Amino acid sequence: MYDGYGNPTGMQMPPPNPQPGQFGNPFYGASSGLIRTGLGAYGEKFLGSSSEFMQSNLKVILFPFLHRGHWTRISEPVGGRLSYKPPIYDINAPDLYIPFMAFGSFIILAGFTLGFMGKFTPEAINLHFTRALIGWALQLVMLKGLLYSMGGGEVPLLDLVAYGGYLFAGLSTAVVSRLVWPCSYNVMMPWMSLCMGVFLVRTMKRVLFAEMRSSERHSSRQHYFLLFMAIAQFPLFFWLGSIGA
């Protein structure tokens, strides 16, 4: 008697070669440990965002008027010096996950908009991608210049990159409204520009006050520079949002 595989009945077949699992593979443990060691600090600080944090932070970015809590960051002693908690534990901490996701979403939505307008080409997408990078760089230069002119001390560059990239969250929201109802774009774009200006003003005021606790001699200059930064969001938003123009 033979079974369906042509082997005599009762003969035990050797077990199949076991597939190396992730926990049985020595390279897995080494690689995961290397990733945790090399990226743990930066990954937790700038990319360690939970879904609850993203929802709360997006609400603060898109609707800063509704934020009733404080704008200061939560600090904790680490290694004998004061440090700030990562984004997963602090809603006011800057993160890079939302800016990167919002940037990618904006490029995709720009492609959809160009398609609906019958103007979709690879060159057009490349143009908007380049324009978005330039807009992000301009926002970063403006924030860095504001802090430098006010003597705000050394703020980590990645913090400013995150703050500057939040503008794509508002841009993506405005573009979605344009796809759903074109007339709403004329209302959403100024509103998102205003919200981004208010968010940056309150955030930069907190950064400046934290770095300049003992000096109040530049208070009037701070207000003028902060007002300029808020007003600058309107042309920046309209320039980046002019898709297909």
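**Helix 3, length.** I started with helix 3 and checked its length: at 1.5 Å a residue, its 20 residues should span 28 Å, and the end C-alpha atoms lie 29 Å apart, which agrees. I note here that the model is a predicted one.

**Helix 3, burial.** I then asked which residues of helix 3 are buried. The list runs Ile98, Pro99, Ala102, Phe103, Phe106, Ile107, Leu109, Ala110, Gly111, Thr113 and Leu114. Just past the end of helix 3, I found Gly118 with a positive phi of about 75 degrees.

**Helix 3 against helix 6.** I looked up how helix 3 (residues 97-116) packs with helix 6 (residues 167-180): the angle is about 25 degrees and the axes are 9 Å apart.

From helix 3 they are Ala102, Phe103, Ser105, Phe106, Leu109, Phe112, Thr113 and Phe116; from helix 6 they are Phe168, Ala169, Leu171, Ser172, Val175, Val176, Arg178 and Leu179. Sorted by class, this contact holds 12 nonpolar, three polar and one charged residues.

I moved back to the loop between strand 2 (81-84) and helix 3, where Asn92 lies. Is Asn92 buried or exposed? Its relative accessible area is 7%, and the cut-off for buried is under 20%, so I put Asn92 down as buried. Setting aside neighbours within four places in sequence, I found Asn92 in contact with His67, His70, Trp71, Thr72, Arg73, Tyr163 and Arg206.

Tyr89 also has its place in the loop between strand 2 and helix 3.

**Whole protein.** Last, I stepped back to the overall make-up. I counted eight helices and two strands. Along the sequence, I read the pattern as α-α-β-β-α-α-α-α-α-α. The protein has 245 residues, and buried ones make up 40% of them. Of the contacts between residues at least 6 apart in sequence, I noted that 73% join residues at least 24 apart.

Definitions and conventions
Residues are numbered from 1 along each chain as its sequence is written. This is a predicted model: local features need pLDDT of at least 70, side-chain atom pairs count only at pLDDT 80 or more; totals for chains, interfaces and linings use all residues. Side-chain values use heavy atoms; hydrogens and water are left out. Axes are lines fitted to C-alpha atoms, for helices over the stretch in contact, and angles run from 0 to 180 degrees between N-to-C directions. Helices (H or I, at least four residues) and strands (E, at least two) are DSSP runs, numbered from the N terminus. Contact means heavy atoms within 4.5 Å. Ala, Val, Leu, Ile, Met, Phe, Trp, Tyr, Cys and Pro count as nonpolar, Asp, Glu, Lys and Arg as charged, and the others, Gly among them, as polar. The expected span of a helix is 1.5 Å times one less than its number of residues. Buried means under 20% relative accessible area, exposed over 50%, partly exposed in between (1.4 Å probe, protein chains only).
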